[in-house]
Amino acid sequence: MSSPKEAAEPENTKLKVLALHGYRQNADSFRSKLGSFRKQVSKYVEFVFLSAPHIAAPLEAGGEQDLTQRSWWFNKDDHTFKGTNQGGPAFGFDESLRLVEKTWQAEGCHGLLGFSQGACFAGLLCDLSARGMTGVKPQFAILASGFRSGSLVHLNYYENKIQLPSLHLYGETDEIITKDMSIALSDTFLEPEIVTHPGGHYFPAQASMKQIYVDFFRDQLQLYLEAKELANATEENTLQLEPQTTSGASDGEQPDDSDSD
């Protein structure tokens, strides 16, 4: 006989998480950087890595463009991106949103994970979802080195608290996205779980972090399975309570009260 824990965590059931990389990264580089982290949570999670549709501008003006360096949108008039920029545009955001929505539906994802610009994007997606303005419906989010978007079109995204389980990670010595910026993003969630590390701008995957990740994903998997079981039970009860009809039963056949064999 299986234990309650085994029953709650079927071996073949995993959460599917859409992973959004940072500025100048792509799906492959982000997957590589998260190698240790992916191993730590492999029992509970399958990741879907997606590359942003826009190619980032060369690091130096007049330099050769690197097709592997991608961006979800640009918040400066010269079509570059900087997390600290305020009041700028959001060139290319709608195209990235459509790509994420298409991938989300095709892959059947449950949650979001983002790093840096990807974490900023994930935060915006959580807000859009809460307002019913996207088909992306995350059940949870993990945001590392995240920040609020300073683009003008995104300023009203942070008016209401997001009621979604969220794990926020940031480095105490991050000079690219300072801890104050990450705290400002976490403040947009109702009950954020915040974890810090002494390092800089990277996704922390040291051994001391493993249990934090395992606990978070285990809890989210449990919630997902419980919700799925409740939905199945509700569907079965609905079928059983459907009123019987007598149409087509004049030849002596009994009406069928089920939608299936």
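Good morning. Please keep in mind throughout that the structure before you is a predicted model. I shall begin with the chain as a whole. It comprises seven helices and eight strands. Of its 261 residues, 46% are buried. If we take the contacts between residues at least 6 apart in sequence, 74% of them join residues at least 24 apart.

Let us turn to the interior. In soluble globular proteins, nonpolar side chains tend to be buried together. In this model, the largest nonpolar core has 37 residues. Within that core, L18, W73 and V100 have the most contacts. Which elements give two or more residues to this core? They are the strands β1 (15–20), β2 (45–50) and β6 (141–144), together with the helices α4, α5 and α6 (179–186). The most is given by α5, with eight residues. There is also a second, separate core, which has 29 residues, including V45, F47, L167 and V195.

Which residues does V100 contact, once its neighbours within four places in sequence are left aside? They are L18, L20, L50, W72, F121, L125 and V136. L18, as I mentioned, is also one of the residues with the most contacts inside the largest core.

V100 also brings us to a pair of helices. Helix α4 covers residues 93–107 and helix α5 covers residues 117–130; their axes lie 12 Å apart, at an angle of about 70°. Because of that angle, α4 counts as roughly perpendicular to α5. On the α4 side of the contact we find F93, S96, L97 and V100, which meet F121, L124, L125 and L128 of α5.

Next, a brief word on cysteines. The structure holds zero disulfides. C109 has a relative accessibility of 8%, and therefore counts as buried. C126, at 2% relative accessibility, is likewise buried.

The loop between β4 (70–71) and α4 contains H79. H79 is not a glycine, yet its phi is positive, at about 60°. Is H79 buried, partly exposed or exposed? Its relative accessibility is 39%, so H79 counts as partly exposed.

The other residue is S116, in the loop between β5 (111–115) and α5. S116 has a positive phi as well, near 55°, and is a residue other than glycine. With a relative accessible area of 9%, S116 is buried. Which residues surround S116, leaving aside those within four places in sequence? S116 is in contact with G22, A144, S145, G146, F147, I177 and H201.

To summarise, the predicted model has a largest nonpolar core of 37 residues, to which α5 gives the most. Helices α4 and α5 pack at about 70°. Thank you for your attention.

Terms used
Residues numbered from 1 in each chain as written. Predicted model: local features only at pLDDT ≥ 70, side-chain atom pairs only at ≥ 80, totals over all residues. Heavy atoms only, no water. Axes fitted to C-alpha atoms, helices over the stretch in contact; angles between N-to-C directions. Helix = DSSP H or I, 4+ residues; strand = E, 2+ residues; numbered from the N terminus. Parallel < 35°, antiparallel > 145°, perpendicular 65-115°, else oblique. Contact = heavy atoms within 4.5 Å. Disulfide = S-S within 2.5 Å. Buried < 20%, exposed > 50% of the residue type's maximum accessible area, 1.4 Å probe, protein only. Core = buried A, V, L, I, M, F, W, Y, C linked by side-chain atoms within 4.5 Å.
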